[in-house]
Amino acid sequence: MNKNSLIYVAGHNGLVGSSIVRALQSQGYTNLLLPSRRALDLTEQLLVDWFFKRLKPEYVFLSAAKVGGIISNSTHQADYLYQNLSISSNVIHAAHKYGVKKLLNLGSSCIYPKNAPQPLKEEYLLSGALEPTNEGYAVAKIAALKMCRYYNEQFGTNFLSAMPCNIYGENDKSTHVIPDLFRKFQNAKFTGTPVACYGSGRPIREFLYADDLADACIQLMEQCNASDIGESINVGSGEETSISELVSTIANMLKYHNITWDTSKPDGTPRKLLDCTKLKTLIDWKPKYSLVRGLCRMMKET
């Protein structure tokens with residue numbers, strides 16, 4: 001990429017997409033394509049084809065997705081599978097069809113088997129059963145990853161796939177654990193009621209601030225090709241915390257400790273930590289935000 005490249009950021013209003021846009025603009029990239037969801041529904045193949053044919057973006061960040069928390073994922077599996085399959089297949093195929101120079105497809109650490117060895121290496125993909133509560137979403141993300149690989153092999157495209165850990169930030173409108181906890185704590189503090197937290201609190205997660213992920217994505221696009229990374233590449237912070245520790249941290253920040261645990265709700269995967277050895281060998285990148293620093297910034301923006 002160069003500063004005058006025509007770049008399309010799919011999902012630019014979302015958590016990761018908006019961070020990528022801010023990072024690109026701060027680095028002098030100004031030739032950005034940012035159509036609204038109303039103008040371009042990525043689940044509609046004809047609209048996506050028309051967009052790529054007419055505007056011919058040179059580079060694509062595919063960060064658009066239907067995302068949600070554990071309850072939403074587990075009760076709307078068909079929606080998560082269909083919408084995410086539609087988005088990725090439409091964008092990836094159009095990128096090939098209209099000569100996109102490079103595409104970065106963003107996936108998720110949920111693609112790995114529930115009981116895979118830790119930390120999770122890229123080669124553990126499809127080595128075991130997925131976590132049932134988000135299987136629909138994970139299958140769609142695996143399909144997108146494989147689609148990029150097969151298009152590279154069959155057509156010589158340059159499509160990269162990055163698999164980040166749990167992402168959070170101030171523009172997260174989803175029901176992911178961190179924004180959901182902030183909303184619960186703020187509502188409970190206002191009403192004086194307990195904060196109802198799901199599960200046992202024992203699962204361990206790795207969190208990465210969205211702006212840090214954006215920096216990694218841009219470096220990968222600038223410095224790496226699909227031949228460098230292979231099928232996919234992990235992007236993580238290396239910082240682990242249990243859900244109970246996360247709840248305690250947010251409780252201390254908001255000075256509200258009236259908390260209950262609903263153990264009838266599922267925990268999900270017991271532990272998810274990414275092995276980022278490949279990433280460290282390819283780019284000079286490390287997160288700028290610790291979890292506490294990122295939560296503080298997020299709290300100021302909410």
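Is Glu153 buried or exposed? Glu153 is exposed, with a relative accessible area of 55% (buried is under 20%, exposed over 50%, partly exposed in between, with a 1.4 Å probe and protein chains only). The model is predicted: local features need pLDDT of at least 70 and side-chain atom pairs count only at pLDDT 80 or more, while totals for chains, interfaces and linings use all residues. Residues are numbered from 1 along each chain as its sequence is written, and side-chain values use heavy atoms, with hydrogens and water left out.

**Salt bridges**
- The structure holds 14 salt bridges (a side-chain nitrogen of Lys or Arg within 4 Å of a carboxyl oxygen of Asp or Glu).
- Glu153 pairs with Arg149 in a salt bridge, with the closest N and O atoms 2.9 Å apart.
- Both residues lie in helix α5 (residues 135–155), 4 residues apart, so about one helical turn separates Glu153 and Arg149 (helices are DSSP runs of H or I, at least four residues, numbered from the N terminus).
- Arg149 is partly exposed at 31% relative accessibility.
- Lys97 forms a salt bridge with Asp49, the closest N and O atoms being 2.9 Å apart.
- This pair links distant parts of the chain, 48 residues apart: Lys97 is in helix α4 and Asp49 in helix α2 (residues 45–55).
- A network of salt bridges links Arg22, Glu170, Asp211 and Arg297.

**Salt bridge of Asp262 and Lys265**
- The side chains of Asp262 and Lys265 meet in a salt bridge (2.9 Å, N to O).
- Asp262 is partly exposed at 24% relative accessible area, and Lys265 is partly exposed at 26%.

Terms used: Helices (H or I, at least four residues) and strands (E, at least two) are DSSP runs, numbered from the N terminus.
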